Amino acid sequence: MTKVEIALPGQAGADALALPVAQPLGGDGSKILDGKLGGRLSRLGESGELRGDRGETVLLHLNGELEAPRLVAAGVGKRENVDPDALRTAGAAAAQALSRVGGTLVWLLDESLPVPLPEQAAALVEGTILGSYSPGHWKSKDDARAPERIVIGHADDPELQAAVERAAVVAERANRARDLSNMPPNELTPHTLGEKAQELAAELEHLTCAVLATKELDDLGMGALTAVGRGSRNEPRLIVLRYDPPGARDDILLGLVGKSITFDAGGISIKPSGGMQDMKGDMSGGAGTLHGIGALAALGTPVRAIAALAAAENLPGGDAFRPGDILRAANGKTIEVINTDAEGRLVLADALWYVRREGATHVLDLATLTGAMELALGDLYAGGFANDKDWEDRIVEAGRRSGDLVWPFPLHPRYRRYIDSAFADMKNGSTLRQGSPALAAEFLHEFAGDGPWMHVDMAGPAFLERSRGDYLRVPGGTGYGVRLIAELGRMLA
Ligand code: BES
Ligand code: MN
Ligand code: ZN
């Protein structure tokens, strides 16, 4: 865990100072430093080496002019457009510029920016922690270093303190979700994911965990979840976490559901092999859900929540489920299997039913559900489908504030015909190449029960093939969902 503090820059023992630099150069924030540096910053500006572009950094080595051996000038773009996203990006860029240094990084704030200081500090801390994440955990020697301490260079201030502590907790939890997404499928199975959840619950107050295995899933009638898991010797699990803090309002039980396919080969409807390795990230909805409820518990957010991770491995095999099979889900409805690669909606069906049965009033599911959602929105926004306008607005707003962006998409009763089956209550896919994200959402709708529900298809932003050019600068898991859930919890408390 990175330590995060507030201290005056001169008293922090900095290995590096970092300064957000806005355009046009020479604003209030850098003027004093420029003076102390004998005009080096303005000369770098004149030569065009320092421009203040978003995400650009310039590293200066110092000779005792300031109370640190180094200074990173981190661009945030046009002054009037500076927002938390620009500051997160600057935080990550500075972390990357200092990845050989580690130690103590001191951020200088700029009162002239159009972002209040607590939000500025929070965004810089969040960006620094997300930006210093390394996915190279399995390398024999991973020499990327994250700062051990991040200090906000300012006089002690309780509001700043609270803002940066919160930002650090949430960003660290997002990085832990990234660890899960990046874990190879030979290490992360439904069983080991359950162990991770139990470890998390043991770590945090008011958070408990129960892991349901095949026998219990059969007893609950979860024929959709168990069918998907049948092709693998790594048997399926329903991983349930409950967060029950003292002093929470009793009219809300937030229900969180995460698609947790630890590897999606497609099953009998097997995928093409190109890129299949990225399907280890098909449990990213579960990772975001797990560390999202973990963030609520770590922050002590007074909102009750239940999370259900529907975990299975989707492989072809002698006992695998097949196209043509008719399954019975826990809510009693029957499903004709058209495509075994449309497995996410099957495992989610039983998990959605479960959280409603346990009394969830407001439900949010997170799932890497359809390739078409990634085609539509790329790696930035997830698409959200909700049955309740107020719930949709809240989640979209939580996304806007947190950086886990959600764009609303439609549910409509006339999409129901896409899943009409000649043999069963519904089918899990269609041969038409049309509207697959909406079709999948309509399928889930059948299991979402009564009350507000939103399905977030995060196939695009969950797992990156390359840098996103902002504060997510490495391939692999992004921790999508953790910041969204933490912010949603704050709004509901
Ligand atoms: N996990 C995939 C969706 C996916 C694809 C996520 C690419 C992230 C990147 C999902 O299980 C899947 O295979 N969906 C199919 C559904 C189809 C067979 C109806 C899809 O979208 O192609
Ligand atoms: Mn699939
Ligand atoms: Zn999948």
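Which residues lie nearest the centre of the second largest pocket, and how many residues line that pocket?

A: Happy to take you through it, and please keep in mind that this is a predicted model. Nearest the centre of the second largest pocket are Arg88, Glu126, Arg401, Ser402 and Arg490, and the lining has 27 residues. Sorted by class, the lining of the second largest pocket holds 13 charged residues, 12 nonpolar ones and two polar ones. The volume of this pocket comes to about 650 Å³.

Now for the largest pocket. Its space amounts to about 1100 Å³. Its lining is made up of 39 residues, and those closest to the centre are Lys271, Asp341, Thr370, Gly371 and Ala372. Here the class count reads 15 polar, 13 nonpolar and 11 charged residues. The elements β9, α11 and α13 (436-445) each supply at least two residues of the lining, and α11 gives the largest share, with four residues.

A shell of 16 residues surrounds ligand 1, with Lys271, Asp282, Asp341, Glu343 and Gly371 the closest. Lys271, Asp341 and Gly371 are also among the residues closest to the centre of the largest pocket. Two elements, β9 (253-264) and α11 (371-377), each contribute at least two residues to the shell. By class, the shell has eight charged, four polar and four nonpolar residues.

In the side chain of Lys259, an N or O atom is 3.1 Å from an oxygen atom of ligand 1. Asp264 places a polar side-chain atom 2.9 Å from an oxygen atom of the ligand. Thr368 takes part through its backbone instead: one of its backbone N or O atoms lies 3.3 Å from a nitrogen atom of ligand 1. As for overall cover, ligand 1 has 520 Å² of accessible area on its own, and the protein covers 79% of that.

How values were computed
Residues are numbered from 1 along each chain as its sequence is written. Chains are lettered from A and ligands numbered from 1 in the order in which they are written. This is a predicted model: local features need pLDDT of at least 70, side-chain atom pairs count only at pLDDT 80 or more; totals for chains, interfaces and linings use all residues. Side-chain values use heavy atoms; hydrogens and water are left out. A residue is near a molecule or strand if one of its heavy atoms lies within 4 Å of it. A polar contact is a pair of N or O atoms within 3.5 Å; within protein, one must be able to donate a hydrogen and the other to accept it, and residues adjacent in sequence count only if both atoms are side-chain atoms. Accessible areas come from the Shrake-Rupley method with a 1.4 Å probe; for residues, only the protein chains shown count as cover. Ala, Val, Leu, Ile, Met, Phe, Trp, Tyr, Cys and Pro count as nonpolar, Asp, Glu, Lys and Arg as charged, and the others, Gly among them, as polar. On a 1 Å grid over the protein atoms alone, a cavity is a set of points where a 1.4 Å probe fits but cannot get out, and a pocket is an open set with protein on both sides within 12 Å along at least five of seven lines; lining residues have an atom within 4 Å of a point. Grid points are joined across faces, edges and corners, and a volume is the space filled by probe spheres set on the points.
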